[in-house]
Amino acid sequence: MPAPSLCDRLRAQLADLKMPGALEALDDILRRADSGELAAGEAMSALLGSHIALRNQRRLQTAMRSARLPAVKTLADFDFSFQPSVRRDQLESLHTLSFIERRENVVFLGPPGVGKTHLAVSLAVAAAESGRRVYYATLADLITSLEDAQQAGRLSHRLRTLVFPSLMIIDEIGYLPISRTGAMLFFQLMSRRYEHASTVLTSNKGFEDWGEVLGDDVMAAALIDRLLHHCHIVNIRGNSYRMREHRTLASRLATAQPKPPSALGASLRTAKESFRAAPRTH
(Lines give C-alpha, C1' and ligand atoms only; values in the text may rest on other atoms or scores of the structure.)
Protein backbone atom coordinates (compact mmCIF):
# COMPACT_ATOMS: atom_id res chain seq x y z
CA MET A 1 0.00 0.00 0.00
CA PRO A 2 1.25 3.49 -0.80
CA ALA A 3 2.44 5.52 2.17
CA PRO A 4 -0.05 8.13 3.32
CA SER A 5 0.67 11.63 2.15
CA LEU A 6 1.80 14.42 4.49
CA CYS A 7 -1.67 15.92 4.33
CA ASP A 8 -3.28 12.61 5.31
CA ARG A 9 -0.84 12.14 8.19
CA LEU A 10 -1.48 15.66 9.48
CA ARG A 11 -5.22 15.17 9.16
CA ALA A 12 -5.07 11.95 11.18
CA GLN A 13 -2.87 13.54 13.85
CA LEU A 14 -5.16 16.57 14.22
CA ALA A 15 -8.18 14.31 14.46
CA ASP A 16 -6.43 12.22 17.14
CA LEU A 17 -5.60 15.41 19.09
CA LYS A 18 -9.23 16.57 18.74
CA MET A 19 -8.33 19.82 17.00
CA PRO A 20 -11.29 20.42 14.65
CA GLY A 21 -10.39 24.06 14.04
CA ALA A 22 -6.96 23.18 12.76
CA LEU A 23 -8.35 20.23 10.81
CA GLU A 24 -10.84 22.50 9.04
CA ALA A 25 -8.13 25.01 8.07
CA LEU A 26 -5.46 22.44 7.12
CA ASP A 27 -5.99 22.28 3.34
CA ASP A 28 -5.94 26.05 2.91
CA ILE A 29 -2.86 26.49 5.11
CA LEU A 30 -0.95 23.74 3.24
CA ARG A 31 -1.88 25.36 -0.09
CA ARG A 32 -0.57 28.73 1.11
CA ALA A 33 2.61 27.06 2.43
CA ASP A 34 3.19 25.21 -0.88
CA SER A 35 2.78 28.45 -2.83
CA GLY A 36 5.35 30.21 -0.65
CA GLU A 37 2.80 32.55 0.89
CA LEU A 38 3.50 31.13 4.36
CA ALA A 39 6.82 30.05 5.84
CA ALA A 40 6.92 26.87 7.94
CA GLY A 41 6.66 28.71 11.24
CA GLU A 42 3.84 30.92 9.96
CA ALA A 43 1.95 27.84 8.78
CA MET A 44 2.24 26.24 12.21
CA SER A 45 1.08 29.46 13.86
CA ALA A 46 -1.90 29.72 11.50
CA LEU A 47 -2.84 26.09 12.13
CA LEU A 48 -2.79 26.50 15.90
CA GLY A 49 -4.53 29.88 15.65
CA SER A 50 -7.39 28.32 13.71
CA HIS A 51 -7.90 25.75 16.46
CA ILE A 52 -7.75 28.39 19.21
CA ALA A 53 -10.25 30.61 17.37
CA LEU A 54 -12.78 27.78 17.03
CA ARG A 55 -12.27 26.73 20.66
CA ASN A 56 -12.84 30.29 21.88
CA GLN A 57 -15.92 30.65 19.69
CA ARG A 58 -17.44 27.48 21.09
CA ARG A 59 -16.53 28.46 24.63
CA LEU A 60 -18.19 31.84 24.14
CA GLN A 61 -21.35 30.24 22.75
CA THR A 62 -21.54 27.92 25.75
CA ALA A 63 -20.90 30.80 28.15
CA MET A 64 -23.56 32.90 26.41
CA ARG A 65 -26.16 30.18 26.86
CA SER A 66 -25.17 29.65 30.48
CA ALA A 67 -25.10 33.39 31.23
CA ARG A 68 -28.50 33.97 29.58
CA LEU A 69 -27.26 37.11 27.88
CA PRO A 70 -30.03 38.79 25.86
CA ALA A 71 -27.71 39.54 22.91
CA VAL A 72 -24.07 39.80 21.91
CA LYS A 73 -22.95 43.41 22.34
CA THR A 74 -19.34 44.54 22.18
CA LEU A 75 -17.51 47.76 22.95
CA ALA A 76 -16.58 48.06 19.26
CA ASP A 77 -20.29 48.31 18.42
CA PHE A 78 -20.89 51.23 20.81
CA ASP A 79 -21.36 54.65 19.20
CA PHE A 80 -19.27 56.99 21.33
CA SER A 81 -19.99 59.89 18.96
CA PHE A 82 -23.69 59.68 19.84
CA GLN A 83 -22.97 59.55 23.59
CA PRO A 84 -20.12 62.04 24.16
CA SER A 85 -20.72 61.91 27.93
CA VAL A 86 -19.24 58.40 27.98
CA ARG A 87 -15.48 58.40 28.45
CA ARG A 88 -13.92 55.97 26.01
CA ASP A 89 -10.78 55.60 28.11
CA GLN A 90 -12.84 54.58 31.16
CA LEU A 91 -14.72 51.93 29.19
CA GLU A 92 -11.58 50.59 27.54
CA SER A 93 -9.98 50.32 30.97
CA LEU A 94 -13.00 48.42 32.31
CA HIS A 95 -12.81 46.03 29.36
CA THR A 96 -9.35 44.93 30.47
CA LEU A 97 -11.38 43.20 33.23
CA SER A 98 -8.92 44.17 35.94
CA PHE A 99 -11.92 45.27 38.03
CA ILE A 100 -13.00 41.62 38.15
CA GLU A 101 -9.62 40.62 39.50
CA ARG A 102 -10.06 43.24 42.23
CA ARG A 103 -13.70 42.20 42.85
CA GLU A 104 -14.96 45.70 42.13
CA ASN A 105 -18.39 46.73 40.88
CA VAL A 106 -19.60 48.84 37.96
CA VAL A 107 -22.80 50.90 37.93
CA PHE A 108 -24.26 52.39 34.74
CA LEU A 109 -26.72 55.23 35.41
CA GLY A 110 -28.80 57.11 32.85
CA PRO A 111 -32.22 57.48 31.22
CA PRO A 112 -33.71 54.68 29.10
CA GLY A 113 -32.14 53.95 25.73
CA VAL A 114 -28.72 55.55 26.21
CA GLY A 115 -26.71 52.31 26.00
CA LYS A 116 -26.44 51.11 29.61
CA THR A 117 -27.40 47.53 28.81
CA HIS A 118 -25.17 47.51 25.72
CA LEU A 119 -22.11 48.45 27.76
CA ALA A 120 -22.99 46.09 30.62
CA VAL A 121 -23.43 43.17 28.22
CA SER A 122 -20.20 44.06 26.42
CA LEU A 123 -18.38 43.58 29.73
CA ALA A 124 -20.12 40.23 30.15
CA VAL A 125 -19.08 39.15 26.65
CA ALA A 126 -15.47 40.16 27.32
CA ALA A 127 -15.52 38.23 30.60
CA ALA A 128 -17.01 35.15 28.91
CA GLU A 129 -14.37 35.31 26.16
CA SER A 130 -11.68 35.27 28.85
CA GLY A 131 -13.14 32.07 30.31
CA ARG A 132 -14.88 33.61 33.32
CA ARG A 133 -18.32 32.52 34.45
CA VAL A 134 -20.98 35.17 33.83
CA TYR A 135 -24.64 35.50 34.80
CA TYR A 136 -27.17 38.04 33.47
CA ALA A 137 -30.65 38.90 34.77
CA THR A 138 -32.97 41.85 35.01
CA LEU A 139 -33.71 42.81 38.60
CA ALA A 140 -37.32 41.68 38.20
CA ASP A 141 -36.32 38.22 36.92
CA LEU A 142 -33.62 37.88 39.57
CA ILE A 143 -36.03 38.63 42.40
CA THR A 144 -38.60 36.22 40.95
CA SER A 145 -35.99 33.43 40.97
CA LEU A 146 -35.04 34.25 44.57
CA GLU A 147 -38.68 34.33 45.70
CA ASP A 148 -39.34 30.99 43.97
CA ALA A 149 -36.28 29.49 45.71
CA GLN A 150 -37.44 30.82 49.06
CA GLN A 151 -40.90 29.29 48.64
CA ALA A 152 -39.31 25.96 47.68
CA GLY A 153 -37.02 26.03 50.71
CA ARG A 154 -33.89 26.34 48.53
CA LEU A 155 -32.97 29.98 49.12
CA SER A 156 -29.57 29.26 50.70
CA HIS A 157 -28.59 27.02 47.79
CA ARG A 158 -29.77 29.60 45.26
CA LEU A 159 -27.81 32.38 46.95
CA ARG A 160 -24.64 30.25 47.00
CA THR A 161 -25.13 29.54 43.29
CA LEU A 162 -25.48 33.23 42.46
CA VAL A 163 -22.39 34.19 44.45
CA PHE A 164 -20.23 31.90 42.31
CA PRO A 165 -20.14 33.76 38.92
CA SER A 166 -17.11 36.01 38.54
CA LEU A 167 -19.33 38.64 36.96
CA MET A 168 -23.05 39.19 37.45
CA ILE A 169 -25.07 41.67 35.39
CA ILE A 170 -28.20 43.02 37.10
CA ASP A 171 -30.12 45.06 34.55
CA GLU A 172 -33.06 47.49 34.73
CA ILE A 173 -33.00 48.55 38.37
CA GLY A 174 -35.84 51.01 38.89
CA TYR A 175 -37.92 50.08 35.84
CA LEU A 176 -40.47 47.95 37.70
CA PRO A 177 -41.66 48.13 41.33
CA ILE A 178 -40.46 45.38 43.65
CA SER A 179 -41.92 44.06 46.89
CA ARG A 180 -40.28 44.56 50.25
CA THR A 181 -39.55 40.81 50.36
CA GLY A 182 -37.91 41.06 46.95
CA ALA A 183 -35.83 44.02 48.08
CA MET A 184 -34.63 42.09 51.13
CA LEU A 185 -33.65 39.11 49.00
CA PHE A 186 -31.77 41.37 46.60
CA PHE A 187 -29.95 42.94 49.55
CA GLN A 188 -28.98 39.48 50.84
CA LEU A 189 -27.50 38.54 47.48
CA MET A 190 -25.53 41.75 47.15
CA SER A 191 -24.23 41.39 50.70
CA ARG A 192 -22.96 37.91 49.88
CA ARG A 193 -21.27 39.03 46.66
CA TYR A 194 -19.68 42.03 48.41
CA GLU A 195 -15.88 41.69 48.14
CA HIS A 196 -16.31 38.14 46.79
CA ALA A 197 -17.22 38.81 43.14
CA SER A 198 -17.93 41.68 40.76
CA THR A 199 -21.40 42.93 39.89
CA VAL A 200 -22.43 45.27 37.07
CA LEU A 201 -25.72 47.10 37.61
CA THR A 202 -27.74 49.37 35.33
CA SER A 203 -30.41 51.81 36.49
CA ASN A 204 -32.48 54.65 35.15
CA LYS A 205 -32.67 56.04 38.71
CA GLY A 206 -30.06 58.04 40.56
CA PHE A 207 -28.83 56.66 43.88
CA GLU A 208 -30.99 59.21 45.71
CA ASP A 209 -34.07 57.42 44.32
CA TRP A 210 -33.05 53.87 45.25
CA GLY A 211 -34.85 54.14 48.58
CA GLU A 212 -38.08 54.52 46.64
CA VAL A 213 -37.11 51.65 44.32
CA LEU A 214 -36.41 49.28 47.24
CA GLY A 215 -39.17 50.66 49.44
CA ASP A 216 -36.74 51.23 52.33
CA ASP A 217 -34.29 54.12 52.68
CA VAL A 218 -32.18 52.36 55.31
CA MET A 219 -31.79 49.21 53.20
CA ALA A 220 -31.01 51.29 50.12
CA ALA A 221 -28.33 53.22 52.02
CA ALA A 222 -26.72 49.99 53.23
CA LEU A 223 -26.79 48.51 49.72
CA ILE A 224 -25.32 51.64 48.11
CA ASP A 225 -22.62 51.73 50.79
CA ARG A 226 -21.52 48.21 49.83
CA LEU A 227 -21.71 48.93 46.11
CA LEU A 228 -19.74 52.17 46.21
CA HIS A 229 -16.97 50.84 48.45
CA HIS A 230 -15.25 49.34 45.40
CA CYS A 231 -17.07 50.77 42.42
CA HIS A 232 -16.77 52.41 39.00
CA ILE A 233 -19.69 54.71 38.12
CA VAL A 234 -20.55 55.46 34.49
CA ASN A 235 -23.12 58.25 34.32
CA ILE A 236 -24.56 58.52 30.80
CA ARG A 237 -26.30 61.76 29.89
CA GLY A 238 -27.58 61.75 26.33
CA ASN A 239 -30.32 60.93 23.88
CA SER A 240 -31.94 57.56 23.36
CA TYR A 241 -30.55 55.28 20.66
CA ARG A 242 -33.98 53.79 20.16
CA MET A 243 -35.57 57.20 19.66
CA ARG A 244 -32.85 58.02 17.13
CA GLU A 245 -33.62 54.80 15.26
CA HIS A 246 -37.34 55.61 15.30
CA ARG A 247 -36.66 59.10 13.94
CA THR A 248 -34.37 57.72 11.23
CA LEU A 249 -36.98 55.15 10.18
CA ALA A 250 -39.75 57.76 10.13
CA SER A 251 -37.56 60.02 8.00
CA ARG A 252 -36.86 57.21 5.52
CA LEU A 253 -40.53 56.32 5.27
CA ALA A 254 -41.47 59.94 4.70
CA THR A 255 -38.83 60.21 1.94
CA ALA A 256 -39.98 56.99 0.27
CA GLN A 257 -43.67 57.92 0.18
CA PRO A 258 -44.86 59.95 -2.85
CA LYS A 259 -45.79 63.48 -1.91
CA PRO A 260 -49.47 64.37 -2.30
CA PRO A 261 -50.15 66.86 -5.08
CA SER A 262 -50.37 70.45 -3.93
CA ALA A 263 -53.65 72.31 -4.17
CA LEU A 264 -52.19 74.71 -6.75
CA GLY A 265 -50.89 71.86 -8.90
CA ALA A 266 -54.25 70.07 -8.76
CA SER A 267 -56.05 73.27 -9.75
CA LEU A 268 -53.75 73.85 -12.75
CA ARG A 269 -54.26 70.25 -13.95
CA THR A 270 -58.02 70.60 -13.63
CA ALA A 271 -57.95 73.87 -15.58
CA LYS A 272 -55.86 72.28 -18.35
CA GLU A 273 -58.19 69.28 -18.62
CA SER A 274 -61.21 71.57 -18.78
CA PHE A 275 -59.58 73.66 -21.51
CA ARG A 276 -58.84 70.58 -23.63
CA ALA A 277 -62.41 69.28 -23.25
CA ALA A 278 -64.07 72.61 -24.07
CA PRO A 279 -65.48 73.03 -27.65
CA ARG A 280 -63.29 75.17 -29.88
CA THR A 281 -64.82 78.20 -31.69
CA HIS A 282 -63.27 79.70 -34.86
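Modeller: Helix α3 (residues 40–67) and helix α6 (residues 116–129) have axes that come within 9 Å and cross at roughly 130°. This is a predicted model, and the values below are computed from it. An angle over 145 degrees would count as roughly antiparallel; the angle here makes α3 oblique to α6. The crossing of these two helices, α3 and α6, is right-handed. On the α3 side the contact is made by Arg59, Leu60, Ala63 and Met64, and on the α6 side by Val125, Ala128 and Glu129. Sorted by class, the residues of this contact between α3 and α6 are five nonpolar, no polar and two charged.

Helix α3 also takes part in lining a pocket. The second largest pocket holds about 160 Å³ of space. Its lining consists of Leu10, Leu26, Ile29, Leu30, Ala33, Leu38, Ala39, Ala40, Ala43, Met44 and Leu47. Two elements, α2 (20–34) and α3, each give two or more residues to the lining of this pocket. The class count for the lining of the second largest pocket is 11 nonpolar, no polar and no charged.

The next pair involves α9. Helix α7 (residues 139–151) and α9 have axes that come within 9 Å and cross at roughly 95°. Angles of 65 to 115 degrees count as roughly perpendicular, so α7 is described as roughly perpendicular to α9. From α7, the residues in contact are Leu139, Leu142, Ile143, Leu146, Glu147 and Gln150; from α9, they are Thr181, Gly182, Leu185, Phe186 and Leu189. Seven nonpolar, three polar and one charged residues make up the contact of α7 with α9.

Helix α9 has another partner, α11. The axes of α9 and α11 are 10 Å apart, and the packing angle is about 25°. Angles under 35 degrees count as roughly parallel, and α9 and α11 are therefore roughly parallel to each other. The crossing in which α9 passes α11 is left-handed. In α9, the residues that meet α11 are Arg180, Ala183, Met184, Phe186, Phe187, Met190 and Ser191; their partners in α11 are Met219, Ala222, Leu223, Arg226 and Leu227. This contact of α9 with α11 divides into nine nonpolar, one polar and two charged residues. Phe186 is named both in the contact of α7 with α9 and in that of α9 with α11.

The largest cavity has a volume of about 60 Å³. The residues that line the largest cavity are Asn105, Met190, Arg193, Tyr194, Glu195, Ala197, Thr199, Leu223, Arg226 and Leu227. Two or more of the lining residues come from each of α9 (180–193) and α11 (217–229). It is α11 that supplies the largest share of this lining, three residues. By class, the lining of the largest cavity has five nonpolar, two polar and three charged residues. Met190, Leu223, Arg226 and Leu227 belong to this lining, and these residues are also named in the contact of α9 with α11.

Notes: Residues are numbered from 1 along each chain as its sequence is written. This is a predicted model: local features need pLDDT of at least 70, side-chain atom pairs count only at pLDDT 80 or more; totals for chains, interfaces and linings use all residues. Side-chain values use heavy atoms; hydrogens and water are left out. On a 1 Å grid over the protein atoms alone, a cavity is a set of points where a 1.4 Å probe fits but cannot get out, and a pocket is an open set with protein on both sides within 12 Å along at least five of seven lines; lining residues have an atom within 4 Å of a point. Grid points are joined across faces, edges and corners, and a volume is the space filled by probe spheres set on the points. Helices (H or I, at least four residues) and strands (E, at least two) are DSSP runs, numbered from the N terminus. Ala, Val, Leu, Ile, Met, Phe, Trp, Tyr, Cys and Pro count as nonpolar, Asp, Glu, Lys and Arg as charged, and the others, Gly among them, as polar. Axes are lines fitted to C-alpha atoms, for helices over the stretch in contact, and angles run from 0 to 180 degrees between N-to-C directions. A crossing is left-handed if the near helix is turned anticlockwise from the far one by less than a right angle, and right-handed if clockwise. Contact means heavy atoms within 4.5 Å.
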